[in-house]
Amino acid sequence: MGGKLETFQKRKDFLICVDSDGCAMDTMDIKHIRCFGPCMVEEWGLQQWKDPILTRWNDINLYTMTRGINRFKGLALMLREVNDQYTKIEDLESLEDWAANSDELSNSAIAKAIEKTGSVCLKKALSWSESVNESINALPFEVKKPYEGVREGLAYANERADVVIVSSANLQAVMEEWELYKLLDHVDLVLAQDTGSKAFCIQELLKKGYDPANVLMTGDAPGDYDAATKNGVYYYPILVKHEKESWVEFRETAVDKLIGGEYGGAYQDEKVAAFLKNLS
């Protein structure tokens with residue numbers, strides 16, 4: 001495994017893209033439960049309503065159709081609920097406006113917005129985001145594991161198809177987590193946050209000569225499904241709270257259906273329906 005998107009070359013007729021956090025790696029839940037939510041409670045002094053607020057944070061970011069939402073968009077949604085139900089959030093409209101309209105939603109982008117506006121809420125949002133990153137970096141590696149069945153599924157897939165990680169997470173974190181468990185042995189290329197959106201990554205991979213009917217995106221969130229749909233490729237969902245079963249079916253059924261030209265139609269419809277129902 002190595003190289004970059006620009007120099008990557010198609011080796012097999014089939015391509016299977018795989019997301020990282022919450023799909024292959026059991027890291028999404030722990031990051032939100034231990035880091036994102038608690039850091040928000042701390043930053044805005046919401047300890048009085050901690051339990052219901054953290055439950056709603058997890059619903060928004062993990063267990064419903066907004067799973068995988070950008071951190072700042074998720075923060076704006078949650079703070080609006082806090083403002084309306086618990087306590088006033090100063091200058092909330094500035095965060096909502098920035099999260100809805102900014103071309104880039106990142107720490108560096110919000111820092112630039114703060115320079116222009118001096119917004120109190122944007123300052124707190126940046127402080128929160130930096131605290132989240134510190135908290136995530138402090139998580140011990142032993143709690144960041146792949147789901148059961150991932151290694152076997154990737155090994156089976158990579159014997160039959162090119163396998164590419166397509167993730168919106170930090171490249172260094174993805175590389176470290178996958179290398180620790182020797183998962184990179186079954187991967188041909190790693191594309192992360194620095195390369196561009198998942199839709200963009202799949203679009204560029206298709207230019208390597210793959211037939212869209214031979215391409216599968218494997219993910220756990222609506223953003224993964226959207227990236228597949230925009231590019232006219234198939235989607236295989238890793239269902240939240242049913243990850244082990246999803247990875248077993250990936251190895252035992254989904255890969256063979258893709259290779260055999262039987263993925264489209266009834267099977268794809270069944271997988272999408274199960275995915276939508278699981279997050280509703």
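Predicted model: local features only at pLDDT ≥ 70, side-chain atom pairs only at ≥ 80, totals over all residues.
Which exposed residues does the face of helix 5 turned away from its buried side carry? I started my notebook with that.

**Entry 1: helix 5**

I looked up the outward face of helix 5 and found K112 and E115, both exposed, on the side turned away from the buried one. Then I turned to the buried side. A109, I110, A113 and I114 are the buried residues of helix 5. I viewed the helix down its axis: these buried residues fall within an arc of 145°, so they line one face of the helix. Next I asked what covers them. The cover includes helix 3, helix 4 and helix 6. Helix 4 spans 92–101. I also checked what comes after helix 5. G118 follows, and its phi is positive, near 70°.

**Entry 2: strand 4**

I moved on to strand 4, residues 162–166. Is it enclosed or open? I counted buried residues: 5 of the 5 are buried, so strand 4 is largely enclosed by the rest of the structure. I noted which way each residue points. D162, V164 and V166 point one way from strand 4. V163 and I165 point the other way. Residues on both sides are buried.

Which strands pair with strand 4? I found strand 1, residues 15–18, joined to strand 4 by 4 bridges. These two strands run parallel. I picked out bridge partners: I16 pairs with V163 of strand 4, and L15 stands opposite D162. I then found strand 5, residues 189–191, joined to strand 4 by 3 bridges. Strand 4 and strand 5 also run parallel. Here V166 has L191 of strand 5 as its bridge partner.

**Entry 3: strand 1**

I went back to strand 1. L15 and C17 point one way, and I16 and V18 point the other way. All of these are buried. Strand 1 also has bridges to strand 6, residues 215–219. I counted 4 bridges there, and the two strands run parallel. C17 stands opposite M217 in strand 6.

**Entry 4: S167**

I followed the chain out of strand 4. S167 lies in the loop between strand 4 and helix 8. Is S167 buried or exposed? S167 is buried, with a relative accessible area of 2%. I listed what S167 touches, not counting residues up to four places away in sequence. The list is D19, S20, V174, L191, A192, Q193 and K198.

**Entry 5: the largest pocket**

I looked up the largest pocket. Its volume is about 1,600 Å³. How many residues line the largest pocket? I found 48 residues in the lining. R71, S168, A169, N170 and Q193 lie nearest its centre. Q193 is also among the residues that S167 touches.

I then asked which helices take part. Helices 1, 3, 5, 6, 8, 9 and 10 each supply at least two residues of the lining. Helix 10 gives the largest share, 6 residues. I noted that helix 10 covers 222–230.

**Entry 6: Y63**

I turned to helix 2, residues 50–63, where Y63 has its place. Y63 counts as partly exposed, at 22% relative accessibility. The cut-off for buried is under 20%. Y63 and I53 are 10 residues apart along the chain, and their C-alpha atoms are separated by 15 Å. I listed the contacts of Y63, leaving aside neighbours within four places in sequence. They are D29, I33, N58, V240, K241, N278 and L279.

**Entry 7: two positive phi values**

Last, I looked up two loop residues. D91 is not a glycine, yet its phi is positive, about 65°. D91 sits in the loop between helix 3 and helix 4. At 24% relative accessibility, D91 counts as partly exposed.

K182 also has a positive phi, near 60°, in a residue other than glycine. Where does K182 lie? I found K182 in the loop between helix 8 and strand 5. K182 counts as partly exposed, at 46% relative accessibility.

Notes:
Residues numbered from 1 in each chain as written. Heavy atoms only, no water. 1 Å grid on protein atoms, 1.4 Å probe; cavity = no way out; pocket = protein on both sides within 12 Å on 5 of 7 lines; lining within 4 Å. Points joined across faces, edges and corners; volume = space filled by probe spheres on them. Buried < 20%, exposed > 50% of the residue type's maximum accessible area, 1.4 Å probe, protein only. Arc of directions from axis to C-beta. Contact = heavy atoms within 4.5 Å. Pairing = 2+ DSSP bridges.
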